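Hello,

Here is the structure I promised to pass on to you. Could you open it alongside this message as you read?

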Amino acid sequence: MDSPHEDPSAPAEMPVSGPSSQHITPGTEEEANPQSDRAGTPRKRSTKGKEPLKRKATSLKEKSKKKKRSSVRRAPRPNYTVQHGEDMLLIISNINQFDSVWKPKRRGSKRKKTKTKSAPVNRRKNPAKPRLSKVTEKASVSDVNVEHGESSDWGHSLPVEVLVKIFELAVLQDGAIPFLCRVGRVCRLWNSAASSPTLWRSVSIGYCWIEPGKSQLPGTEQKIRNTINWLAQNRFSQLRDFTLSHWKKHVDYVVQVVAESCSNLQSLKLSYCMGVTKEAFQNLGTACPSLESINVQHTEFRDDGLISFLETNGNKLKRLFLTRNSKSEKLLNVLCRGCCPELRLLEINTKLDSGYCPLPICIQALQVGCPKLQTFRLMNVSPIPKMIRNTPSSTSGFPLLEELCIASSAHSLLTDLDLLNVLHGSPQLRVLDLRGCSRVTAMGLYNLPCEDLECLYWGLYFNSNVMVASNKGIHMLTQKWSSTLRELDLTNQPFTEEDMEIAMGHLAHSPGADAFRSLNVSGTKITSSALRLLVAQATALSYLNLSSCRYLPRGLKRVYRGQEDIQQLLDKL
């Protein structure tokens, strides 16, 4: 071999014999030597000058192998944690706010990928699972069922009767709709339990088909009809009480479908509905012979439809709820004629912000037409006495009356004589609500033939004391009903402090002091000594209102709820 030092005239071979030539691999030496044999000839560059790229590719391959080897499979963490509370299981989520959240891609963030030749990466193929015999497969499935059967299949093994009993408790609290509709979609077992007719005896349907202020589409109206038809045919076979609230359309259709499918219907309530026609009441009369209660408060209806229903089917009606309007006088005349002799409850109300709402009514005629009345309520309505021809001046009153409510948030014109005309034949009265009746005196209440009164509500819920008839005599009432009185409301009554102290003494020393449970003396002149005397003896007292009592020290003028709170008050007194 020729030495490079023998021919100094060959400069092209000097880079080949430099230090870099010592690092040439054996595979490339054979290709480089033929070019250096001929001295003086120009050496052409080799076509395989991209060896550094090969080195990079091999390095990337080695790095990828190292990464794969270093990766360790971890068990996926659960998305929740179960903690045991006092009466329930708390399921707490383990997902952060950044987990599994979709984020839009930023514009301009995409980069063009450079095409580089890389060595193919060998992907590991999952090893084929060994085939198991049918016997071993069945054994493995049975083991899984045994391990997880107690936690996952408890609802499927529960008897239907137990589920029905559980659903009954939930229906009593939340109602049948939408609770039963939701639990019926859990599984087949829950669907069969939720379909039990005993759970659908009391149903209330509110208006939730469209948003307020929007009109109905024809498809929505057809959905409403189809839903009502399906419920009536598949769920309402034992329906007893039905309530429809805030419906502006399809009221007649709903009443007709329910009446035709539910022959055992006993109670119907239409609250804040519109468009009830005469045909709806006719369908009720012919298809529901067991109907005993009708509630049409705050509902727009045809007066002739309800009047015709009362005239033909009123002999079975026991409860009637009305709202005071221009049709109330006609309906009262129908009751006075004796169309509802079995009526037990009559309630006529109006809105609280209506102010003074007079209602002409003939008490004597009503006592003759409804002799079995037990509850008579006039809520925020002021009765005005009137006379009807051929009506006797003296009657036997309401001998079975147990509750009378003539409460009003405004001034009432009811006098002692008017009250005596209503209650002169009611010895079984238990509840007397005269809130707002400022013209009724303590002497007028004392002369009533009611000896077993349990609840007396006589508060004045307005600021003026000008029209109050009397400011003394409360001690006579507490002495008369000391053994039976359980609740007393004297809000803003102007009785003197001496009268209040004597009245509290009668209640404290009576044999029924242990059963006294509620006292409201807000805005009165009760003193600390009178209050201490009653609170110490009334062990069952659970409500006490002392707000705005000027004769009590500071820190005590508030509402007390519960026996523990009242016991702390006694310690302060």
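Below are my notes on its aromatic rings and its nonpolar core.

First, the ground rules: this is a predicted model, in which local features need pLDDT of at least 70 and side-chain atom pairs count only at pLDDT 80 or more, while totals for chains, interfaces and linings use all residues. Residues are numbered from 1 along each chain as its sequence is written, and side-chain values use heavy atoms, with hydrogens and water left out.

**Aromatic rings**

Searching the whole structure gives seven aromatic pairs. Rings of Phe, Tyr and Trp (its six-membered ring) pair if their centres lie within 6.5 Å; planes under 30 degrees apart are stacked, over 60 edge-to-face, and the rest tilted. One of the pairs is Phe 281 with Phe 301, edge-to-face at 6.2 Å centre to centre and 70 degrees between the planes. This pair links distant parts of the chain, 20 residues apart: Phe 281 sits in helix H9 (residues 278-287), and Phe 301 in the loop between strand E6 (293-295) and helix H10 (303-313). Helices (H or I, at least four residues) and strands (E, at least two) are DSSP runs, numbered from the N terminus. Phe 281 is buried at 3% relative accessibility, and Phe 301 is buried at 7%; buried means under 20% relative accessible area, with exposed over 50% and partly exposed in between (1.4 Å probe, protein chains only).

Trp 458 and Phe 495 make a tilted pair, because their ring centres are 5.9 Å apart and their planes at 55 degrees. Both of these residues are buried. Elsewhere, one aromatic cluster is formed by Phe 167, Phe 179 and Trp 190.

Two charges sit over rings (NZ of Lys or CZ of Arg within 6 Å of the ring centre and within 35 degrees of the ring normal). Lys 327 is over the face of Phe 301, 5.0 Å from the ring centre, and Arg 435 is over the face of Tyr 457, at 5.8 Å.

**The core**

A nonpolar core is a set of buried Ala, Val, Leu, Ile, Met, Phe, Trp, Tyr and Cys residues joined through side-chain atoms within 4.5 Å. The largest one has 123 residues, and those touching the most other members include Phe 242, Leu 346 and Leu 544. Helix H8 (residues 251-261) gives the most to this core, with six residues. The buried residues of H8 include Val 251, Val 254 and Val 258, and among the elements covering its buried residues are helix H7 (218-234) and H9.

Best wishes

Technical notes. Contact means heavy atoms within 4.5 Å.
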